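Subject: A structure for you to explore

Hi there,

Here is the structure I promised to pass on to you. Open it up, have a look around, and then read on for what turned up in it.

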Amino acid sequence: MNRPSLASACAAMLRRDLTLAWRRRGDIAMPVLYALIVTMLFPFALGPEDTLLQRIAGGVVLVTVLLAMLLALDAMFASDIEDGSLEQLVLAPQPLALMLGMKILAHWLATALPLIVIAPLMAAMLHLPGVVIPVLLLALVLATPLLSLLGAVLVALTAGTRRSGMLLALMLLPLCVPAVIFAAGAVAAAQQGLPWLAPVAWLAAALVLAVVLAPLACAAALRIALDA
Amino acid sequence: MNRPSLASACAAMLRRDLTLAWRRRGDIAMPVLYALIVTMLFPFALGPEDTLLQRIAGGVVLVTVLLAMLLALDAMFASDIEDGSLEQLVLAPQPLALMLGMKILAHWLATALPLIVIAPLMAAMLHLPGVVIPVLLLALVLATPLLSLLGAVLVALTAGTRRSGMLLALMLLPLCVPAVIFAAGAVAAAQQGLPWLAPVAWLAAALVLAVVLAPLACAAALRIALDA
Amino acid sequence: MNALQQFLAMGGYAAYVWPAYALFFAVLLADTLAPRLRRRRVLAELRARLARQSARQERKPLSTPASP
Amino acid sequence: MTAADTALPLLEARALSFFRQDEPVFAPLDFRLHAGELALVEGDNGSGKTTLLRMLAGLLHISAGELHWRGEPMQRDRCAGEILFLGHQLGLKADLSPRENLRIAAGLHGMREGAGAASVLARIGLRGYEDEPVRRLSAGQKKRAALARLLLLPASLWLLDEPYANLDRIGIALVNDLLESHTDTGGAAMVTSHGTVSFHGGEPRRIRMHD
Amino acid sequence: MTAADTALPLLEARALSFFRQDEPVFAPLDFRLHAGELALVEGDNGSGKTTLLRMLAGLLHISAGELHWRGEPMQRDRCAGEILFLGHQLGLKADLSPRENLRIAAGLHGMREGAGAASVLARIGLRGYEDEPVRRLSAGQKKRAALARLLLLPASLWLLDEPYANLDRIGIALVNDLLESHTDTGGAAMVTSHGTVSFHGGEPRRIRMHD
Amino acid sequence: MASWIPLWLHKLGSPPTFYRFAGALQPWAMALALLLGAIGLYGGLVLAPADYQQADAYRIIFIHVPSAWMSMFIYAVMGVASFVALVWRIKLAEVVAMESAPIGAAFTFITLVTGSLWGKPMWGTWWTWDARLTSELVLLFLFLGVIGLYHAFEDRRQGARAAAFLAIIGIINVPIVHFSVNWWNTLHQGSTVNVFGQSKISADMLWPLLTMTLATKFYYLASLFSRARTDLLALEGGKDWVRKIAEDEASR
Ligand code: HEM
Ligand SMILES: Nc1ncnc2c1ncn2[C@@H]1O[C@H](COP(=O)(O)OP(=O)(O)OP(=O)(O)O)[C@@H](O)[C@H]1O
Ligand SMILES: Nc1ncnc2c1ncn2[C@@H]1O[C@H](COP(=O)(O)OP(=O)(O)OP(=O)(O)O)[C@@H](O)[C@H]1O
Ligand SMILES: [Mg+2]
Ligand SMILES: [Mg+2]
């Protein structure tokens with residue numbers, strides 16, 4: 001028997017999830033479109049007043065991106081559980097946490113990255129001043145993986161239940177709020193010409209912690225959830 | 001053989017879907033929670049300025065409710081297709097359009113109604129003036145079934161595909177926009193003390209049309225979509 | 001020369017007019033090329049499918065229908 | 001040969017075929033099925049048995065050839081409620097119990113006279129599991145819950161796609177019993193199976209899928 | 001009896017049982033499985049065969065009793081990669097082709113020496129379907145795609161839950177061949193099945209689930 | 001198929017015939033499109049005088065307006081073809097409907113971007129949520145929806161039928177695009193070109209505009225032909241005439 005090396009197993013996992021995402025690119029594009037639609041609907045719902053839109057632009061973009069991610073989070077393990085491939089993954093002779101880390105990375109690449117790419121467009125649609133956009137992007141680059149990682153743990157915990165979306169949302173909320181507050185704080189500060197480094201640094205610190213701990217927690221949660 | 005009467009078949013269908021919704025009440029609650037989270041996140045993202053919040057309250061509640069519905073729409077036929085019960089429904093000796101009408105009704109009862117119930121709460125969280133709330137509710141009562149009906153047709157069209165959520169969002173957008181414009185128009189008019197009957201009348205007219213045509217279109221679309 | 005420069009300047013609106021024209025041509029060019037590329041792909045796929053079919057035929061030789 | 005052959009057949013296929021992307025899934029089929037007959041659809045994996053049954057059920061459109069129901073071209077309203085189809089996907093809601101699933105089916109299709117959900121479930125071997133969510137049943141128990149429809153609903157033609165899969169020996173015998181009493185009371189059935197069907201009521205008619 | 005009985009068994013269960021909501025799913029089980037042996041798990045629908053296999057695979061925790069792997073208490077890291085489990089759910093991604101599915105499995109488990117995806121798929125009877133999405137395969141073809149893992153991946157113990165279901169006769173013979181060559185080369189297997197398994201390499205050991 | 005369809009049309013509806021027919025006409029349509037386009041652009045960019053209000057920025061009109069008209073025209077064609085496809089199940093109608101969609105989407109996209117590029121100097125903004133602009137954007141989404149739905153199905157003909165269904169539902173948007181300037185007063189220009197009455201635009205500007213309009217029509221024809229040919233090859237992959245083409249091209 002030639003057991004594959006860790007690196008090649010990781011690569012296989014990552015390729016698998018990205019291929020699947022690509023095969024279902026319609027589904028990847030969904031959060032993106034969803035975010036675009038929200039951004040488009042706001043001017044209709046609020047009236048096309050530039051100053052008002054500009055005032056709320058940063059917040060709307062942040063909330064929209066995070067919610068669009070939440071949308072896709074629910075499905076992170078769902079199909080793998082249904083068709084039994086999660087069992088196969090659990091039984092594979094590879095560290096589960098690392099494999100799940102790869103899944104989370106793939107998920108982030110497939111859902112958050114496109115959202116970050118279109119964030120400037122969304123910001124422009126709501127007339128956010130150009131100088132704020134880099135800060136907005138930085139905040140998103142830090143906040144979205146945080147959400148992916150924490151979300152994955154919660155999704156894993158709810159995996160054994162009948163995929164209760166509510167439970168997920170309920171548990172994610174307390175985790176979302178600080179991320180939104182810090183990210184929005186940075187954007188608002190930048191918009192007012194104030195220093196915005198402090199909230200960004202907090203986000204970064206949280207992210208580092210999450211990168212280390214979340215996959216481990218996720219693996220433990222999943223083992224518990226499958227054992228039913 | 002004693003073929004069941006139309007009324008009892010309708011009742012069976014409705015009871016079925018409501019029972020299922022009840023068994024998965026976690027999932028029903030999801031859009032509600034989602035809407036609440038959005039409403040809660042806005043003050044954080046925008047800063048708790050009452051006048052600003054009040055100004056955008058109507059629009060935010062409308063957009064949020066409609067988007068929360070959009071969330072649940074995708075799943076309208078998904079599980080029935082997966083486990084083969086949609087096939088069984090198509091083969092049943094009952095008018096498909098009527099049965100689908102019942103499904104849509106059940107879906108509306110399970111997703112839109114809770115949202116409408118909490119809409120005043122959401123409006124209050126954003127400090128929408130109390131006098132506007134009845135108009136907001138009226139607009140929602142008309143706009144949400146419209147969305148359910150039109151959405152059902154599109155979901156049926158995509159039923160044969162690999163359930164592409166993006167596609168659905170893409171196709172729903174053009175249909176959402178007018179509904180949002182009219183509903184928001186009514187709310188904005190009410191907020192400014194102007195007459196708000198005209199946009200509401202337009203919504204009502206559209207709803208009547210949709211109630212008659214959408215189930216038929218839905219049945220036709222489903223037959224096309226399943227034939228693969 | 002001057003006339004050409006003036007023409008290219010578009011009365012100060014060059015930054016709007018020429019990108020518009022450039023986009024017009026770029027999009028239509030892409031639209032023209034797309035079916036040619038697709039045609040090549042379709043034919044290649046078709047040939048692959050024919051090859052696959054003959055692989056299946058090999059696996060299970062076609063038998064004549066038995067009399068009813 | 002027998003009287004049945006001269007009577008109007010329940011189902012008659014003439015050069016029936018189905019195309020996927022302009023390729024035939026199986027060679028054109030001709031067959032007749034009379035009331036009281038059982039037809040066994042045979043063929044290797046991927047030969048088109050499932051496709052054929054789905055077509056007969058009216059879920060897939062006919063690409064070429066003709067299909068007649070009691071002598072007239074098959075149309076949805078004409079055979080509505082007379083056909084019962086059981087596919088690889090069982091059509092059970094996992095969150096509902098077998099009893100609830102049956103009740104829904106009866107609500108849409110109607111019920112045989114004298115049949116009741118409880119007695120049907122007992123007969124099919126699910127006594128004690130009537131109110132368990134289908135999600136919690138074993139593979140064979142799920143299959144039984146789906147098969148219970150055969151006992152409860154009125155239908156003259158049964159289209160059963162691998163009804164024996166996942167069943168234990170008692171279950172297999174049970175399906176054979178069901179088929180026998182169905183054909184005895186004037187019903188017809190088409191069944192696909194890879195196993196040996198020990199049907200007591202004589203040798204079933206065989207339809208071979210050539211691929 | 002034979003030499004195998006004295007050697008260290010691959011798998012040994014002592015009063016093994018599983019409880020769901022404090023009720024035993026099956027009576028306590030004792031058995032040993034040596035390298036080169038095939039065990040047939042028998043029992044009616046709902047008797048706990050699937051539950052047992054999932055437990056042996058390490059997906060469900062052991063409620064009571066003991067389970068030993070090569071003489072030592074079973075632990076995840078000790079048997080990692082040595083066990084291959086095939087359940088009612090096949091573990092195939094419907095959007096990927098059989099070839100891609102195999103490649104993923106090989107990426108995680110490693111590959112047998114000398115085995116290759118293409119040759120394995122040809123052997124299992126999927127020639128011509130290597131690059132079709134699994135979604136488009138028939139029920140039996142899907143099963144074959146899942147079984148191809150047995151040929152490709154290295155493992156000493158196979159846990160197969162109804163491997164014969166949905167397969168045609170050629171497919172059933174193929175599974176028997178696979179089992180035979182696996183046990184011949186020192187592997188062991190536990191198989192659940194309702195059909196008759198005509199295993200040529202002697203009478204398999206039987207484990208009856210009493211329920 | 002209905003008996004009132006003339007025989008030649010019926011024959012043309014057969015894929016191999018149409019494949020040859022379209023192959024013969026396509027170069028001519030493309031040549032005409034290029035020629036008329038060159039003339040129109042020369043007239044518009046060089047000969048026509050600058051506008052007294054908008055100076056040279058108005059020259060975007062020569063692509064903006066023809067593209068805008070084409071976007072609606074193509075949607076209408078797609079709608080009609082979709083109807084025919086659904087009712088009579090004519091393969092060629094499916095092909096025409098489905099292959100019109102990308103071309104229509106291209107023109108709609110051009111309209112949106114050129115309009116934006118024009119709007120910046122004229123209105124001072126790239127985009128506002130004005131009725132015409134919005135309805136044109138909705139038109140783009142409809143085109144994209146039709147394309148997406150078509151490709152989302154495994155079976156092309158089934159996809160074509162589903163997408164045709166959507167195209168028919170969406171056709172209400174076409175009059176909305178056109179009349180939006182009358183129904184709601186907006187930033188966007190009202191009708192300035194009038195086919196039957198007096199146009200509110202000088203002849204120097206009008207003829208290049210009309211020439212460009214004609215050029216885009218021919219372009220559509222040419223593009224549709226080459227797209228339809230390709231699509232027919234994909235659809236009729238099982239037929240001998242296509243296999244022959246495939247083998248011929250392989251041996252080349
Ligand atoms: C993104 C922005 C824009 C969009 C989406 C847009 C869209 C359209 C559409 C759909 C039409 C065809 C209407 C019909 O014939 O029914 C049209 C026509 C026209 N547009 Fe625009 N437009 C935009 C910006 C502009 C701007 C900035 C101007 C000039 C200031 C302009 C000038 C015109 C003119 C003169 C016509 C011809 C009107 C007629 O004769 O009917 N458009 N546009
Ligand atoms: N949804 C689909 N799309 C495309 N091809 C399909 C689809 N379903 C089945 N096929 C193909 O059609 C052929 C016939 O499939 P079908 O499911 O009818 O076979 P079957 O006789 O029921 O086989 P089995 O015994 O394995 O169930 C197979 O070659 C299969 O690959
Ligand atoms: N997820 C579950 N939750 C609760 N009970 C379950 C669950 N899965 C199975 N059961 C119950 O446990 C018992 C054993 O089920 P199991 O699936 O192991 O049976 P099995 O022997 O594999 O049967 P089959 O031959 O039908 O596949 C059954 O009575 C079943 O109802
Ligand atoms: Mg089958
Ligand atoms: Mg089992």
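To start, one term: a polar contact is a pair of N or O atoms within 3.5 Å. Please also keep in mind that this is a predicted model.

**Ligand 3**

With that term in hand, go to ligand 3. One of its oxygen atoms is 2.5 Å from an N or O atom in the side chain of D:S138, so the pair falls within the 3.5 Å cut-off. Chain E takes part as well: a polar side-chain atom of E:R20 is 3.0 Å from an oxygen atom of ligand 3, and a polar backbone atom of E:G46 is 2.8 Å from an oxygen atom of this ligand. On its own, ligand 3 has 630 Å² of accessible area, and the protein covers 85% of it. Two elements each give two or more residues to the shell: α6 (139–152) of chain D and α2 (49–57) of chain E.

How many residues surround ligand 3? There are 20, and the closest are D:S138, D:G140, E:K49, E:T50 and E:T51. Because the surrounding residues come from chains D and E, the site is shared between chains. Sorted by class, the shell holds four nonpolar, eleven polar and five charged residues.

**Ligand 2**

Now move to ligand 2, which lies between chains D and E. Around ligand 2 there are 20 residues, the closest being D:K49, D:T50, D:T51, E:S138 and E:G140. Its shell is made up of four nonpolar, eleven polar and five charged residues.

An oxygen atom of ligand 2 has a polar side-chain atom of E:S138 at 2.5 Å. For D:N45, the distance from a polar side-chain atom to an oxygen atom of ligand 2 is 3.0 Å, and for D:H88 it is 3.4 Å. The protein buries 86% of the 630 Å² that ligand 2 exposes when taken alone. The elements giving two or more residues to this shell are α2 (49–57) of chain D and α6 (139–152) of chain E.

**The magnesium ion**

Which protein atoms are the donors of the magnesium ion, ligand 4? They are OG1 of D:T50 and NE2 of D:H88, at 1.9 to 2.4 Å from the ion. These two residues are 38 residues apart and link distant parts of the chain: D:T50 sits in helix α2 of chain D, and D:H88 in the loop between β8 (83–86) and α4 (98–109) of chain D.

**Salt bridges**

Over all chains, the structure holds 44 salt bridges. Here are a few to look at.

One is formed by E:R54 and A:E87, whose closest N and O atoms are 2.5 Å apart. This pair crosses between chains, from helix α2 of chain E to helix α5 (residues 85–91) of chain A. Both E:R54 and A:E87 are buried.

Another involves F:E99 and C:R38, with 3.7 Å between the closest N and O atoms. F:E99 is in helix α4 (residues 91–123) of chain F and C:R38 is in helix α2 (residues 14–59) of chain C, so this pair joins two chains. F:E99 counts as buried because its relative accessibility is 3%, and C:R38 counts as buried at 15%.

Within chain D, the side chains of D:E42 and D:R206 meet in a salt bridge of 2.4 Å, N to O. The partners are 164 residues apart, with D:E42 in strand β5 (residues 38–42) and D:R206 in strand β11 (residues 205–208). D:E42 is buried, at 14% relative accessibility, whereas D:R206 is partly exposed, at 42%.

There is also a network: salt bridges that share partners join A:R16, A:D17, A:D80, A:D83, A:K103 and E:K93.

**Chain C**

Finally, have a look at chain C, which has two helices and zero strands. Of its 68 residues, 29% count as buried. Chain C exposes about 4500 Å², and carbon and sulfur atoms supply 64% of that area.

Enjoy exploring!

Best wishes

Note on methods:
Residues numbered from 1 in each chain as written. Chains lettered and ligands numbered in written order. Predicted model: local features only at pLDDT ≥ 70, side-chain atom pairs only at ≥ 80, totals over all residues. Heavy atoms only, no water. Near = heavy atom within 4 Å. Polar contact = N/O pair within 3.5 Å; in protein donor to acceptor, adjacent residues only side chain to side chain. Areas by Shrake-Rupley, 256 points an atom, 1.4 Å probe, with all protein chains shown as cover. Helix = DSSP H or I, 4+ residues; strand = E, 2+ residues; numbered from the N terminus. Nonpolar A, V, L, I, M, F, W, Y, C, P; charged D, E, K, R; others polar. Donors = N, O, S within 2.8 Å, 3.2 Å for Na, K, Ca; no water. Buried < 20%, exposed > 50% of the residue type's maximum accessible area, 1.4 Å probe, protein only. Salt bridge = Lys/Arg side-chain N within 4 Å of Asp/Glu carboxyl O.
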